[in-house]
Amino acid sequence: MLLLVALVTSGCDGGGSTSGAGDAGGGGAAGDGGAAGDAGGAGSGGAPAGPGVTGVLVDEAGQPIGGAPVLLCNTTVCYSDSSREDGRFTFLCDAEPPVDFVVKSIEDAGTTPRRGVTLFPLRFRDTATVDAGSLFVPDLPAGALLGPDSDDPQTLEVGDGLQLTVSRADLAAPLGASPHDIAARRIPPEHVPPLPDLGGEEIVAVYALYPFATTSGSPIGVQAPSDLAPGTRVSFRSMSEYDGKLSAPAAGEADGAVVRTAPLSGIDELTWLVISR
């Protein structure tokens with residue numbers, strides 16, 4: 001597992017005009033993304049002179065989530081902030097473009113219903129500040145309880161029609177946690193952020209998975225509902241919690257009712273699952 005070598009509190013409140021999100025610095029807009037501009041690069045008043053991002057955390061009812069921890073991370077640094085009462089957060093960072101980051105919220109199992117993690121990958125091409133718009137924080141279903149290791153491999157219905165086949169003995173939860181149940185929530189298409197790593201591939205479905213950042217030493221088999229024509233080839237990827245990049249694709253196929261990974265193939269981390277063709 002990669003280590004974040006620095007955790008610093010963002011003391012910036014943004015300002016200035018913004019550019020479209022996704023492939024930042026001139027890419028297409030996402031969510032409520034704003035107009036192109038020149039903001040974030042001056043570093044006046046001692047502020048960082050690198051790229052920035054602002055956005056609003058919203059729940060499934062579209063209401064802002066205030067006072068929630070939010071992070072802007074890549075493989076070497078993680079900036080922390082807390083959303084304001086109106087759900088807005090802002091980051092400016094010391095990084096030289098081009099650089100990849102990911103905005104993410106923190107999983108909250110103490111609320112009812114539980115809240116999963118939102119992820120928004122950013123590929124900064126310049127020092128402009130990006131408006132990511134409204135970032136959808138998913139509620140989580142009750143999920144499926146894991147059985148003992150003797151039940152491995154276990155096929156679980158984890159939520160929104162998603163089925164995962166896991167071996168509990170191969171699961172490694174984040175520090176201080178232990179896998180008890182697995183849950184999934186499908187992200188509505190209108191809330192799926194731009195995913196530059198897919199190139200020209202079409203998104204079939206995206207799911208937020210719980211417990212977030214749990215890894216597996218063996219492939220996790222995936223089956224999801226889909227009306228794609230039988231024989232349609234699909235790919236399954238997980239999104240990195242460190243910089244938003246997508247994993248190498250696991251091959252799969254549709255049968256007219258579901259899409260599923262090929263035998264002995266699958267994802268190896270519970271973050272966001274991206275299914276594409």
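These are my notebook entries on a predicted model of one protein chain.

**Ground rules.** I number residues from 1 along each chain as its sequence is written, and I take side-chain values from heavy atoms, with hydrogens and water left out.

**Overall make-up.** I looked up the secondary structure and found zero helices and 20 strands, where helices (H or I, at least four residues) and strands (E, at least two) are DSSP runs numbered from the N terminus. Of the 277 residues in the chain, 51% are buried; buried stands for under 20% relative accessible area, exposed for over 50%, and partly exposed for what lies in between, with a 1.4 Å probe and protein chains only. I also looked up the contacts (heavy atoms within 4.5 Å), and among those with a separation of 6 or more, 67% join residues 24 or more positions apart. The chain exposes about 11800 Å², of which carbon and sulfur atoms supply 52%; the areas come from the Shrake-Rupley method with a 1.4 Å probe, and for residues only the protein chains shown count as cover.

**Cores.** I searched for nonpolar cores, meaning sets of buried Ala, Val, Leu, Ile, Met, Phe, Trp, Tyr and Cys residues joined through side-chain atoms within 4.5 Å. The largest has 27 residues, and those with the most contacts inside it include L162, Y207, F236 and L273. Strand β14 (residues 203-210) gives the most to this core, with four residues. I then followed L273, which, leaving aside its neighbours within four places in sequence, is in contact with residues including L162, A205, Y207, L209, V222 and F236. Apart from this core I noted another, of 22 residues, with L72, F89, F91 and A95 among them.

**Cis peptide bonds.** I found a cis bond from D152 to P153, with omega near -10°, and placed P153 in the loop between β9 (144-145) and β10 (154-159). Y210 and P211 are likewise joined by a cis peptide bond, with omega about 0°, and P211 lies in the loop between β14 and β15 (214-225).

**Positive phi.** D160, a residue other than glycine, has phi near 55° and is found in the loop between β10 and β11 (162-166); D160 is partly exposed, at a relative accessible area of 35%. L264 has a positive phi of about 65° in the loop between β18 (258-261) and β19 (267-270), and L264 is exposed, with a relative accessible area of 85%.

Key. Predicted model: local features only at pLDDT ≥ 70, side-chain atom pairs only at ≥ 80, totals over all residues.
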